[in-house]
Amino acid sequence: MNNKTISFAKRNLLEMSRDPLSYIFCVAFPLVMLVIMTLVNQGIPKEAGQTVFRIDNLAGGVVIFGQTFVMLFTALSVATDRSGSFLTRLFASPMKSRNFTNGYILPMLLIAVVQSVLTYVAAFVISLIVGYSLNPLGLLLGVVTTIPSAVMFIAVGLIFGTICNEKAAPGICSVIISLGSFIGGIWFDAEKTGGVLYNIAKCTPFIYCTKVSRSTISMEFGLEQFVIPLIVVICSAAALMILGVVLFRRKMKADLS
């Protein structure tokens, strides 16, 4: 990694830190949802057998939910830079396309990791309050095993930030956030729901991201629960990242011509 990439990554991280909305959506909102859904779970009678809002299931889902907002800010950052003259001037510099893409990816990945750490710490504190034991090792491993899903969402943000302008990118990403939350099984158990909805969910990588996160927290590393979903997420992240880099490179060449 050269100095050009590091300098551009620092610039992007600084721009994010100056935006108060990034703190609200990438940090505060997931934590607020963690607390609210825990309170909802406390009000559900035990006879109902509802477990999706139990803190071990909820924490894993909220981490993935938070990563969707990292996707949003990735798209917004790329689209905003493209709409002005900033990137056009940089395109004429000795910087290569990989310096730009890595400069966007690295700070967003750092934000996603910090976000997951804060969420898991909050989940552990909540578990102590509600009297449900969470394995600290599972939470620690969760930070690592959710990196592929973070890369996947960042790649999606890079794609939409490249092909959309700054007005269209947030709207499209909002649709992805809603769609990912719904068919990703974040707020309900899609697998138990079954039927057409679950069949649709299985065709997207979102539900596999949630499965990996929840399985890690519960320390269940079986083939169906963890291994296959992790492979799906890694493959999806790699494919989408390659697509995002290729699209950005082509857009860069088109802007230079």
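Is Val130 buried, exposed or partly exposed, and what is its relative accessible area? Val130 is partly exposed, because its relative accessible area is 31% (buried means under 20%, exposed over 50%, partly exposed in between, with a 1.4 Å probe and protein chains only). The model is predicted: local features need pLDDT of at least 70, side-chain atom pairs count only at pLDDT 80 or more, and totals for chains, interfaces and linings use all residues. Residues are numbered from 1 along each chain as its sequence is written, and side-chain values use heavy atoms, with hydrogens and water left out.

Val130 lies in helix H5. Helices (H or I, at least four residues) are DSSP runs, numbered from the N terminus. Helix H5 covers residues 97-130, and its 34 residues should span 50 Å at 1.5 Å a residue (the expected span is 1.5 Å times one less than the number of residues). The end C-alpha atoms are 49 Å apart, which agrees. Just after H5, Gly131 takes a positive phi of about 80°.

Val130 also belongs to a nonpolar surface patch of about 410 Å², together with Val117, Val121, Val125 and Ile129. Patches are made of residues with over 30% relative accessible area and no salt bridge; like charges are joined within 9 Å, and nonpolar side chains (Val, Leu, Ile, Met, Phe, Trp, Tyr) within 5 Å. Accessible areas come from the Shrake-Rupley method with a 1.4 Å probe, and for residues only the protein chains shown count as cover.

A positive patch is formed by Lys4, Lys96, Arg98, Arg249, Arg250 and Lys253. Lys and Arg count as positive and Asp and Glu as negative; His and the chain ends are not counted. Each charge is placed at NZ of Lys, CZ of Arg, CG of Asp or CD of Glu. Helix H12 (residues 223-256) gives the largest share of this patch, three residues. Lys4 sits in helix H1 (residues 3-18).

Three salt bridges are counted (a side-chain nitrogen of Lys or Arg within 4 Å of a carboxyl oxygen of Asp or Glu). Arg11 pairs with Asp81, with the closest N and O atoms 2.8 Å apart. This pair links distant parts of the chain: Arg11 is in helix H1 and Asp81 in helix H3 (residues 55-83), 70 residues apart. Asp81 is buried, at 7% relative accessibility. Arg18 forms a salt bridge with Glu15 at 3.3 Å between the closest N and O atoms. Both lie in helix H1, three residues apart, about one turn of the helix.

Key:
Helix = DSSP H or I, 4+ residues; strand = E, 2+ residues; numbered from the N terminus.
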